[in-house]
Amino acid sequence: MITIKNLSKTYKMPDGSQLEVLKNIDCHIAKGDVISIIGPSGTGKSTFLRCLNGIDPATSGEIIFGGMNILDKNTKLNKVRQKMGMVFQSFNLFDHMTVLENVSFGPIRILGMNKTEADEKSRELLRMVGLEDKADVMPRNLSGGQKQRVAIARSLSMNPDCILFDEPTSALDPTMVGEVLHVIRQLAQQGMTMLIVTHEMIFARDVSTRVLFMCEGGIYEEGTPEQIFSNPQKTATRNFIGSIRQSR
């Protein structure tokens, strides 16, 4: 589904120096994969996701998705983003729209769906994430967990082939984390292809088909959850997993 070759991202700093955030990443994501991306802060995990759908353009390399190279200047990124949804840690809902309007906006405005059909589909998605009764509520009146579930429903409304989750629970009160993770687990069971940057290690171990451990701007080690969490092969991975166990 997604093939990544020699992906690099460099930022130009105010003093003129270059900061290389991603370094020659190679990776393949197959249909139905649920990939958790873990690692210390500042290792490029979120930048990696943002590069995948062109929100933050990569400096070099290739990202092949649906037969298109996302880094090709002729590729229409809006078309790519229709099929590669993204859920942000800060929700990014439209504050002036109701919950239902937030979810139906994309199908009406971008997919050309009529309002009646879009609203019906949006209500089905809100039912799936447990928020059908909040359809006419404004986002300001929702909890953080409810906002994130609306954001997931909004992403699903575009019929994506895969969804990118950038630390979807990091801005939530601990009591609300479970309700969002429950929805993501449901999507995994339904076969949705997902890449998830997360600090929720128990969740990553339970739901993932593969885990990527990122360190120093690259994929330092990857494997099944059992391999990464129970038998990591490389020093930095062992140190990271060990530090998590000690902090519990």
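## Ground rules

Helices (H or I, at least four residues) and strands (E, at least two) are DSSP runs, numbered from the N terminus, and two strands pair if DSSP finds at least two bridges between them. What you're looking at is a predicted model, so local features need pLDDT of at least 70 and side-chain atom pairs count only at pLDDT 80 or more, while totals for chains, interfaces and linings use all residues. Residues are numbered from 1 along each chain as its sequence is written, and side-chain values use heavy atoms, with hydrogens and water left out.

## The four-stranded sheet

Let's start with the sheet that runs S2-S1-S4-S5: an open one of four strands, with antiparallel pairing. Strand S2 (18–29) and strand S5 (68–69) sit at the edges with a single partner strand each, so one side of each has no neighbour in the sheet.

Going through the pairs, S1 and S2 are antiparallel over eight bridges, and Tyr11 has Leu19 in S2 as its bridge partner. These two strands form a hairpin with five residues between them, and Gly16 in the turn has a positive phi of about 90 degrees. S1 also pairs with S4, again antiparallel, over five bridges; here Ser8 stands opposite Ser60 in S4. At the S5 end, strand S4 (residues 60–65) and S5 are antiparallel over two bridges, and Phe65 has Met68 in S5 as its bridge partner.

Helix H1 (residues 45–52) lies across strand S1 (2–12), S2 and S4, at about 115 degrees to S1. A word on angles: axes are lines fitted to C-alpha atoms, for helices over the stretch in contact, and angles run from 0 to 180 degrees between N-to-C directions.

## The six-stranded sheet

The other sheet to look at is open too, with six strands in the order S6-S7-S8-S3-S9-S10 and mixed pairing.

Strand S9 (residues 210–215) pairs with S10 in the antiparallel sense over five bridges, with Phe213 opposite Glu221 in S10. H1 turns up again here: H1 packs on this sheet and touches strand S3 (34–38), S6, strand S7 (162–166), strand S8 (193–197) and S9, its direction making about 150 degrees with that of S7. Contact, by the way, means heavy atoms within 4.5 Å. Helix H6 (residues 174–189) lies across S3, S7 and S8, running at about 145 degrees to S8.

Next, helix H3. Angles under 35 degrees count as roughly parallel, over 145 as roughly antiparallel, 65 to 115 as roughly perpendicular and the rest as oblique. A crossing is left-handed if the near helix is turned anticlockwise from the far one by less than a right angle, and right-handed if clockwise. For residue classes, Ala, Val, Leu, Ile, Met, Phe, Trp, Tyr, Cys and Pro count as nonpolar, Asp, Glu, Lys and Arg as charged, and the others, Gly among them, as polar.

The axes of helix H3 (residues 99–109) and helix H4 (residues 115–128) come within 9 Å and cross at roughly 125 degrees, which makes H3 oblique to H4. The crossing is right-handed. On the H3 side the contact uses Val99, Leu100, Val103, Ser104, Pro107 and Ile108, and on the H4 side Lys115, Ala118, Asp119, Ser122, Arg123, Leu125 and Leu126. Sorted by class, that gives eight nonpolar, two polar and three charged residues.

H5 meets H3 at an angle of about 25 degrees, with their axes 7 Å apart, so H3 and H5 are roughly parallel to each other. H3 passes H5 in a right-handed crossing as well. Val99, Asn102 and Val103 of H3 meet Val150, Ala153 and Arg154 of H5; by class there are four nonpolar, one polar and one charged residues.

Buried means under 20% relative accessible area, exposed over 50%, and partly exposed in between (1.4 Å probe, protein chains only). In H3 the buried residues are Val99, Leu100, Asn102, Val103, Ser104, Gly106 and Pro107, and their cover includes H4 and helix H5 (144–156).

Arg123 belongs to helix H4 and counts as partly exposed because its relative accessibility is 32%. Neighbours within four places in sequence aside, Arg123 is in contact with Leu100, Glu132, Ala135 and Asp136. Arg123 and Ser104 are 19 residues apart in sequence, and their C-alpha atoms are 8.9 Å apart in space.
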